[in-house]
Amino acid sequence: MKAALAHIEEHLIATLETVSDPEIPVLTVLDLGVIREATEKNGQIHIKLTPTYSGCPAMDVIGDDLETAFAKIGMTTKVQLVLAPAWTTDWISEGGKRKMEEYGIASPLDETGDKEVLLGNAKIVKCTNCGSRNTHLVSQFGSTACKALFKCDACLEPFDYFKCLK
Amino acid sequence: MKKNVYQYILSIADNSLILGQRLGELCGHGPNLETDIALTNISLDLLGQTRSYFQYAALLAGDDKTEDDIAFIRIEREYRSILLVEQPNTHFGYVIARQFLFDVYHLLFMEKLQFSKDETLSAIAKKGIKEVSYHERFSSDWVKRLGDGTEVSKLKMQEAINDLWRYTDEMFHVSASDKAMISEGIGVDVVALKERYYAKVTEVLSDAMLEVPEGKYFQKGGKEGIHTEHMGYILSDLQYMQRSYPNMKW
């Protein structure tokens with residue numbers, strides 16, 4: 001599934017781009033693919049937001065930030081949380097993945113690669129610091145629900161890996 | 001019908017709520033940083049799932065009920081969680097054994113719940129499966145690491161599995177209201193999960209060089225609201241703010 005399935009009205013994009021993920025501030029909500037719908041009806045903005053993980057504490061903040069962003073241009077917003085279809089890492093835009101890498105978070109592999117890596121069977125995840133693939137999993141659970149903790153055996157730096165979710 | 005669904009949601013969600021609360025107790029107290037973060041991450045997933053369930057239950061209940069009312073303003077007898085999840089964090093072996101015995105069940109359960117005729121329950125399950133499979137992988141790995149570890153870790157892991165074994169059978173009990181939900185295609189027929197559950201648990205335990213307990217005496221009651229002595233203590237923590245400052249908002 002592609003992020004293109006999201007129904008977002010053209011004229012709302014500029015404002016949506018000002019709202020970022022509070023935990024990965026280089027990613028906008030559009031990069032992350034959590035906005036499933038954004039439409040304007042009778043002068044009010046209706047947004048459907050989907051969580052990355054069920055307990056993701058960033059969702060409440062993102063909801064508030066969206067309201068604030070549209071309030072700045074004099075619009076009221078109604079944010080609705082939707083669970084289905086469930087968010088997947090496929091919805092992170094290519095640009096988003098690039099920004100994530102530059103920020104120091106290895107972007108998600110495909111499903112097979114991800115499984116191999118998390119089971120410790122393969123060394124595929126590239127260190128965001130030096131680019132080596134000589135890396136290993138330290139913990140399946142990292143600083144936030146969506147990330148795992150890795151360490152590079154070449155440059156010895158720890159880094160986050162964004163877990164594949166499908 | 002609505003009332004049955006409401007009760008059914010509680011019987012699923014209370015497991016996640018109480019286990020999430022138990023794991024939350026370990027925040028800052030895990031044996032090392034990675035495990036501490038992992039256990040609280042799992043706690044967060046479980047509480048996130050709980051919120052989705054309770055928001056839906058609140059909607060069904062009407063009367064301006066909120067997810068917080070359901071989570072905090074009930075008496076012990078009204079919580080439908082199984083006895084396993086309320087057992088204390090005695091030592092790390094118990095934390096892992098409890099998690100493992102629950103995760104194997106939880107994943108099997110979610111895999112069926114995603115086909116529920118109830119759209120919301122199905123959506124919560126589809127989302128949750130991804131999270132729960134990570135939990136199961138984590139707890140199974142630790143069972144193996146401790147079981148096949150040192151003499152002491154093996155002993156402690158075995159002790160925890162033996163002690164908690166008596167709470168496993170309750171997962172497969174079907175209450176009268178569950179029955180109605182199953183026949184309507186909303187609920188999960190847990191009896192049908194039993195064989196796969198014990199097969200999976202046995203597989204991991206033998207990989208871990210641990211014995212499968214032979215105990216045939218099982219405890220039950222949680223699903224009917226009759227809990228062990230540990231439950232009151234969790235609830236006094238969980239409900240403290242709402243009891244002390246009724247209707248307070250975060």
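**Where the chains meet**

Modeller: The contact takes 20 residues from chain B and 14 residues from chain A, two residues being in contact if their C-beta atoms, placed from the backbone, lie within 7 Å. This is a predicted model, in which local features need pLDDT of at least 70 and side-chain atom pairs count only at pLDDT 80 or more, while totals for chains, interfaces and linings use all residues. Residues are numbered from 1 along each chain as its sequence is written, and chains are lettered from A and ligands numbered from 1 in the order in which they are written.

Biologist: Which elements give two or more residues to the side of chain B that touches chain A?

Modeller: Helices and strands are DSSP runs numbered from the N terminus, helices being H or I with at least four residues and strands E with at least two. On that side of chain B, the elements are α2 (33-61) and α6 of chain B.

Biologist: What is the mean pLDDT of chain B?

Modeller: The term pLDDT is the predictor's confidence in each residue, from 0 to 100. For chain B the mean is 95, and 99% of its residues reach 70 or more. The model scores ipTM 0.80 and pTM 0.91.

Biologist: How should I read the pairing of strands in chain A?

Modeller: Two strands pair if DSSP finds at least two bridges between them. Strand β2 (residues 35-41) of chain A pairs with β3(A) in the antiparallel sense over six bridges, and A:K41 has A:Q44 as its bridge partner in β3(A). Their hairpin has two residues between the strands, and A:N42 there takes a positive phi near 45 degrees.

Biologist: In which sense do β3(A) and β4(A) run, parallel or antiparallel?

Modeller: Strand β3 (residues 44-49) and strand β4 (residues 76-81) of chain A run parallel and are joined by six bridges. In β4(A), A:L81 is the bridge partner of A:L49.

Biologist: What is the handedness of the β-α-β unit?

Modeller: A crossover is right-handed if, with the strands pointing away from the viewer, the path from the first strand over the helix to the second runs clockwise. Here β3(A), helix α3 (residues 58-72) of chain A and β4(A) make a right-handed unit.
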